[in-house]
Amino acid sequence: MPVRYITVNDHVGQRLDNFLIRELRPVPKRRIMQMIRRGEVRVNSKRARVGLRLEEGDRIRVPPIVREEPPDKDIGDSLKAHVRERVIFEDDRLIIVNKPVGLAVHAGGTIQVGLIDVVRSIYESDRIELAHRIDKDTSGCVVMTRTRVALLEVHHAFNQKLVEKHYDAIVFGQWPENCARIDLAIRRFSMPNGERRAEIDSSGREALTEFSIKSRCPSATWLDAVPITGRTHQIRVHAASTGHFVLGDPKYSRANSSIKVPRMLLHASSITFAKGPRVQAPLDQSFTECWHRLCQED
């Protein structure tokens, strides 16, 4: 395709990379990021950052692209049925799914199919977008939007802290009674293989999590965790900083831990919008079975 120019009208405030990923679909994300970083994409005749927020009337130059047909995504009927059963809220703006453990929210790298692909297939709509993310190994509430306006409204609610999220977490050992708040900055970084990680670092971004104890057994504690900020792996990093890591955590638990569980015991159990619904995601059977087994073993 030849050079083309796109004028921004109804996507004001969206990041440049996300705008082009949608506009140029099915051009791969890696190619779009490459074009921006090399300066092949111009905004108002100037080089632009990947995270540039677009303004009304911005004129974007897109270089010639050889479109690549995306590989067919194998979304089986059983996976669609499973996810459809886990839709816990929907209206004309939002779809909220109780994501199963082990399913990534979006495709990438070696992951061919994400939750968003399955939901778009169920509803036969490419307009559905993820409003936020949770980790592949975490189960529970994931919010998606049906319209661009709804997406901006949800992002605004998150940015203004008008959304409250609760997580169920089972951590190693006896959580201290007096540890109700952890206020430690978190720095995000990437491993040489591209894997995302985070660590406690005073040079990082402000991060605050509130914890309360729901139940105990000798080897573990069941917590309610409320992330006040939304940093990468925040609950997991804050919990691990006390020595009481989330059980089954593949990144931040102690490799020599004597407790082995078949999944990460972290579940996004509810989400509440100040101006909107309060939605609860029932715990998976695998989560409660792990807890009962831990209690019986003790």
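At 31% relative accessibility, His155 counts as partly exposed, where buried means under 20% relative accessible area, exposed over 50% and partly exposed in between (1.4 Å probe, protein chains only). This residue belongs to a predicted model, in which local features need pLDDT of at least 70 and side-chain atom pairs count only at pLDDT 80 or more, while totals for chains, interfaces and linings use all residues. Residues are numbered from 1 along each chain as its sequence is written, and side-chain values use heavy atoms, with hydrogens and water left out.

His155 sits in helix 5 (residues 148–159); helices (H or I, at least four residues) and strands (E, at least two) are DSSP runs, numbered from the N terminus. Setting aside residues up to four places away in sequence, His155 touches Leu130 and Ala131, contact meaning heavy atoms within 4.5 Å. Between His155 and Ala131 there are 24 residues in sequence and 6.8 Å in space, C-alpha to C-alpha. Thr145 is buried, at 0% relative accessibility.

The secondary structure of the protein chain comes to 7 helices and 16 strands. A compact globule of 298 residues would have a radius of gyration near 19 Å, and the 21 Å of the protein chain agrees with that; the radius is taken over C-alpha atoms, and the globule rule is 2.2 Å times the number of residues to the power 0.38. Along its principal axes, the C-alpha trace spans about 70 × 45 × 40 Å. Of the 298 residues, 46% count as buried. The accessible surface of the chain comes to about 15700 Å², and 47% of it belongs to carbon and sulfur atoms; these areas come from the Shrake-Rupley method with a 1.4 Å probe, and for residues only the protein chains shown count as cover. Among contacts between residues at least 6 apart in sequence, 63% join residues at least 24 apart.

Turning to helix packing, helix 3 (residues 77–85) meets helix 4 (residues 115–123) at an angle of about 90°, with their axes 10 Å apart. Axes here are lines fitted to C-alpha atoms, for helices over the stretch in contact, and angles run from 0 to 180 degrees between N-to-C directions. Helix 3 is therefore roughly perpendicular to helix 4, since angles of 65 to 115 degrees count as roughly perpendicular, those under 35 as roughly parallel, those over 145 as roughly antiparallel and the rest as oblique. Helix 3 contributes Leu79, Lys80, Val83 and Arg84 to the contact, and helix 4 contributes Leu115, Val118, Val119, Ser121, Ile122 and Tyr123. By class, this contact has 7 nonpolar, 1 polar and 2 charged residues; Ala, Val, Leu, Ile, Met, Phe, Trp, Tyr, Cys and Pro count as nonpolar, Asp, Glu, Lys and Arg as charged, and the others, Gly among them, as polar.

Most residues other than glycine have a negative phi. Lys161, however, has a positive phi near 60°; Lys161 is placed in the loop between helix 5 and strand 9 and counts as exposed at 52% relative accessibility. His233 likewise has a positive phi, near 55°. His233 lies in the loop between strand 14 (220–227) and helix 6 (234–241), and with a relative accessible area of 7% His233 is buried.

Strand 9 (residues 163–172) holds Glu164, which is partly exposed with a relative accessible area of 41%. Beyond residues up to four places away in sequence, Glu164 touches Val226, Ser270, Ile271 and Thr272. Glu164 and Phe273 are 109 residues apart in sequence and 6.6 Å apart in space, C-alpha to C-alpha.

Ile259 occupies the loop between helix 6 and strand 15 (266–273), and at 17% relative accessibility Ile259 counts as buried. Leaving out neighbours within four places in sequence, Ile259 contacts Phe172, Ser219, Leu247 and Leu294. Ile259 and Ser241 are 18 residues apart in sequence and 18 Å apart in space, C-alpha to C-alpha. Finally, Cys295 is part of helix 7 (residues 285–297) and is partly exposed at 30% relative accessibility. Cys295 and Pro26 are separated by 269 residues in sequence and by 50 Å in space, C-alpha to C-alpha.
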